[in-house]
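Subject: Structure for you to look at

Hello,

I am handing over the structure we spoke about. Please have it open while you read the notes below.

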Amino acid sequence: LSNLQHLIHLDLSHNKLEVPLPNNITGFSNLTSLMLYSNLLNGIIPSWCLSLPSLVDLYLSENKFSGHISAISSYSLERLSLSHVKLQGNIPESIFSLVNLTQLDLSSNNLQGNIPEAIFSLVNLIDLDLSSNNLSESVYFPLFSKLQNLRRLNLSHNRLIGPIPQSMGNLRNLESLDLSSNMLTGRIPTELSNLNFLEVLNLSNNHLVGEIPQGKQFGTFSNDSYEGNLGLCGLPLTTECSKDPEQHSPASLTFGGEQGVGFGWKPVAIGHGCGMVFGVGMGCCVLLIGKP
């Protein structure tokens, strides 16, 4: 195949190829599209298919590759799909030099660490999927406002923490936002109601609290968008919001003026007082009747 010097498009997807890709291919200098997804290819991803000079589309998803990914130097890449290939380690830094990238799919792997700040240099991104990995720590959410072309963002099923910032309301072209199944905290920013093109919203299974924003696109989302957040209230949920501003705020029980877990000082004082009265009373009864 590498002798086909004028080959532009190669599609071997949806077969049962189950051997490692060869390491010694030196041709394909004019190849713009390489489709090998939905096979049983194994071993590491060879460097030649990540360095083709004219490559625009690279789809290697749904295979049995393993290990870390080597440097990507196909700088003409616009669409890159590496989902379901058992990638490990951090998000490869070489991806951040692909300035023409419009679609990036690294979902359903074993990527770890946080989302690097450098990812926000990919200002041409339209579709970004990092779901179903082990990404953790806080996210540089304020920098997402740099991705003004972004239409679809999926960070679900990771271990991301921290609040959803107000700056996400600047992604005015966003059509789908999925942050479900993480450990996000705080309130849903009212600025998200500025996303006039938002058709899909999934914030379920986090630790969000407070009243759900109302109006505009938020009037079209169902309970499924918010389930699994016990601290949320307001429509479309049946839980009404209390007028007490503290009732639906993040749980921050204090004792002695410091944040922590446990009871406040008033219940503790009442408990000690009642316990002492009860103890003294029982002691007197024991002394009076002469029996333990």
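A place to start is serine 66, which lies in the loop between strands β5 (64-65) and β6 (79-81). Keep in mind throughout that this is a predicted model.

Leaving out residues up to four places away in sequence, serine 66 touches Gly43, Ile44, Val85 and Lys86. Asparagine 110 is 44 residues away along the chain, and the C-alpha atoms of serine 66 and asparagine 110 are 9.9 Å apart.

The chain as a whole

The protein chain has 292 residues, and 41% of them are buried. Its secondary structure consists of one helix and 20 strands. If you take the contacts between residues at least 6 apart in sequence, 41% of them join residues at least 24 apart.

The sheet

Seven of the strands form an open sheet with parallel pairing, in the order β7-β9-β11-β13-β15-β17-β18. Its edges are β7 (88-89) and β18 (231-233), each of which pairs on one side only.

- β9 (residues 110-113) and β11 (residues 134-138) run parallel and are joined by two bridges. Glycine 113 has leucine 135 of β11 opposite it.
- Between β11 and β13 there are three bridges, again in the parallel sense. Here serine 138 stands opposite isoleucine 161 in β13.
- β13 (residues 159-163) pairs with β15 (residues 183-186) over three bridges, in the parallel sense. Glycine 162 has leucine 184 in β15 as its bridge partner, and proline 163 has threonine 185.
- β15 and β17 (residues 207-211) run parallel, with two bridges joining them. Threonine 185 stands opposite histidine 207 in β17.

The core and the pocket

The largest nonpolar core is made up of 67 residues, and Leu34 and Leu80 have the most contacts inside it. Which residues does leucine 80 contact, leaving aside its neighbours within four places in sequence? They are Leu58, Ile72, Ile95, Leu98, Leu101, Gln103, Leu104 and Asp105.

The largest pocket has a volume of about 170 Å³. It is lined by 14 residues, and those closest to its centre are Leu1, Leu12, Leu21, Pro22 and Ile25. By class, the lining has 14 nonpolar residues, with no polar and no charged ones.

The pocket can come last, with Leu1 and Leu12 among the residues closest to its centre.

Regards

Key
Residues are numbered from 1 along each chain as its sequence is written. This is a predicted model: local features need pLDDT of at least 70, side-chain atom pairs count only at pLDDT 80 or more; totals for chains, interfaces and linings use all residues. Side-chain values use heavy atoms; hydrogens and water are left out. A nonpolar core is a set of buried Ala, Val, Leu, Ile, Met, Phe, Trp, Tyr and Cys residues joined through side-chain atoms within 4.5 Å. Buried means under 20% relative accessible area, exposed over 50%, partly exposed in between (1.4 Å probe, protein chains only). Contact means heavy atoms within 4.5 Å. On a 1 Å grid over the protein atoms alone, a cavity is a set of points where a 1.4 Å probe fits but cannot get out, and a pocket is an open set with protein on both sides within 12 Å along at least five of seven lines; lining residues have an atom within 4 Å of a point. Grid points are joined across faces, edges and corners, and a volume is the space filled by probe spheres set on the points. Ala, Val, Leu, Ile, Met, Phe, Trp, Tyr, Cys and Pro count as nonpolar, Asp, Glu, Lys and Arg as charged, and the others, Gly among them, as polar. Two strands pair if DSSP finds at least two bridges between them. Helices (H or I, at least four residues) and strands (E, at least two) are DSSP runs, numbered from the N terminus.
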